[in-house]
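Here's a quick briefing on how this protein packs inside. Have a look at the sequence and the fold, then go through the points by topic.

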Amino acid sequence: MHTTRRQMLALTASGLAAGWPGLGQAQAAANLKISHQFPSGSLTEGDFRDRLCRRFAAEVEKRTGGALKAAVYPGSSLMKTNAQFSSMRKGALDMSLVPLSYAGGEVPETNIGLMPALVPSYEQGAAWKTAEVGKLLSKTLEDKGVLIVSWVWQAGGVASRARPLVAPEDAKGLKVRGGSREMDMMLKAAGASVITLPSNEIYAAMQTGAMDAAMTSSTSFISFKLEEIAKHLTSGRQRTYWFMFEPLMVSKEVFGKLNKAQQDVVMGVGAELETFARDAAKADDRQAVEVYQKAGAKVYDMSDAQLRAWQTIARDTAWKDFAEKNESCAGLMKAAQKLL
């Protein structure tokens, strides 16, 4: 096999040189690096997205007898949050658990991962994997150099300082973080002004008053301790227009350098962890309510009528805009609506 110096460097950087035929045969173990932006924990405690990555690493090492190992880098300690997706595409990062919509500027189709009111329940989110929309999304990502390992959906809501944000009319005059361009479009149409930043920067922005309210996942509401500054929480425990797709993904280039048995283990463990993710996300929806109530915040659940009101705004703004992006986006939106 002819390997150029540049390929050699790339292999070494990805930590997979040992797994490449003819290279580093003495040290048979290949090492995957998993990056994410969420707080560090352990196998049993802390942010479930970090726990999922740690469980994945432990199980993969166990099933391959140590031939394939993985190290978890939480809190954006390996690389900046917004660099993760493009780094996976280039093979410069092995794996990441990242909100898919963060890649929206680079790959417009990924914005469907945080499309307001398009996924109103965990059951519907889970149905995406085997439905037409899931197959289209997987193909789009594969064509861009990234493979989905675990399908992870999370409900979310709104934490706000001064007043609650439940129905569309509540948004008027508030400075809100929606979490995606599409969420922002719906908020703007309801009368809010929008602020764009990653979830790990919400606390500081709310603390300084630069932002009145933030939409994010129930898990992030807990992990980033927003109950210390928020007086109101709109919960995602019953129904919500905020469902985020946060898959565990692997670089296609890196995956291709694993042997078939290792590839099967990676995908098998990833699929098995989806039940853990769903149960943990639902538990966090309930726990967020408890944490905020204990801190003295008022908690609100969205009614069916309020959800439909947001859905109407989303259909005329975000859904329409997304479908008009390109043929691929139009196909994804059409397929997703079949599940509604």
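This is a predicted model: local features need pLDDT of at least 70, side-chain atom pairs count only at pLDDT 80 or more; totals for chains, interfaces and linings use all residues.

A residue counts as buried when its relative accessible area is under 20%.

**Nonpolar core**
- The largest nonpolar core takes in 105 residues.
- Phe 56, Trp 128, Leu 165, Tyr 241 and Trp 310 are the ones with the most contacts inside this core.
- Helix α10, which spans residues 260-294, gives the most to the core, with 10 residues.
- What does Trp 310 touch, leaving aside its neighbours within four places in sequence? Its contacts include Leu 165, Val 166, Ala 167 and Pro 168, along with Met 186, Leu 187, Tyr 241 and Met 302.

**Aromatic pairs**
- Searching the whole structure turns up 7 aromatic pairs.
- Phe 48 and Phe 276 make an edge-to-face pair, because their planes sit at 80°, with ring centres 6.4 Å apart.
- That pair ties together parts 228 residues apart in sequence, since Phe 48 lies in helix α2 (residues 48-63) and Phe 276 in helix α10.
- Phe 48 counts as buried at 1% relative accessibility, and Phe 276 is buried too, with a relative accessible area of 14%.
- Tyr 122 and Phe 243 have ring centres 4.9 Å apart and planes at 85°, so this pair is edge-to-face as well.
- Here the link runs between helix α4 (residues 122-128), where Tyr 122 lies, and strand β10 (residues 243-245), where Phe 243 lies, so parts 121 residues apart in sequence are tied together.
- Are Tyr 122 and Phe 243 buried or exposed? Both are buried.
- Ring pairs also join Trp 128, Trp 151, Trp 153 and Phe 245 into a cluster.

**Largest pocket**
- The largest pocket has a volume of about 260 Å³.
- It's lined by 16 residues, and Ser 101, Tyr 102, Gly 179, Ser 180 and Thr 196 are the closest to its centre.
- By class, that lining splits into 9 polar, 4 nonpolar and 3 charged residues.

**Cavity**
- How many cavities of 30 Å³ or more does the structure hold? The count is 1.
- The largest cavity contains about 50 Å³ of space.
- Its lining has 13 residues, with Tyr 102, Ser 199, Thr 216, Ser 220 and Met 244 nearest the centre.
- Sorted by class, the cavity lining has 5 nonpolar, 5 polar and 3 charged residues.
- Tyr 102 turns up in both linings, among the residues closest to the pocket centre and among those nearest the cavity centre.

Definitions and conventions
Residues are numbered from 1 along each chain as its sequence is written. Side-chain values use heavy atoms; hydrogens and water are left out. A nonpolar core is a set of buried Ala, Val, Leu, Ile, Met, Phe, Trp, Tyr and Cys residues joined through side-chain atoms within 4.5 Å. Buried means under 20% relative accessible area, exposed over 50%, partly exposed in between (1.4 Å probe, protein chains only). Helices (H or I, at least four residues) and strands (E, at least two) are DSSP runs, numbered from the N terminus. Contact means heavy atoms within 4.5 Å. On a 1 Å grid over the protein atoms alone, a cavity is a set of points where a 1.4 Å probe fits but cannot get out, and a pocket is an open set with protein on both sides within 12 Å along at least five of seven lines; lining residues have an atom within 4 Å of a point. Grid points are joined across faces, edges and corners, and a volume is the space filled by probe spheres set on the points. Ala, Val, Leu, Ile, Met, Phe, Trp, Tyr, Cys and Pro count as nonpolar, Asp, Glu, Lys and Arg as charged, and the others, Gly among them, as polar. Rings of Phe, Tyr and Trp (its six-membered ring) pair if their centres lie within 6.5 Å; planes under 30 degrees apart count as stacked, over 60 as edge-to-face and the rest as tilted.
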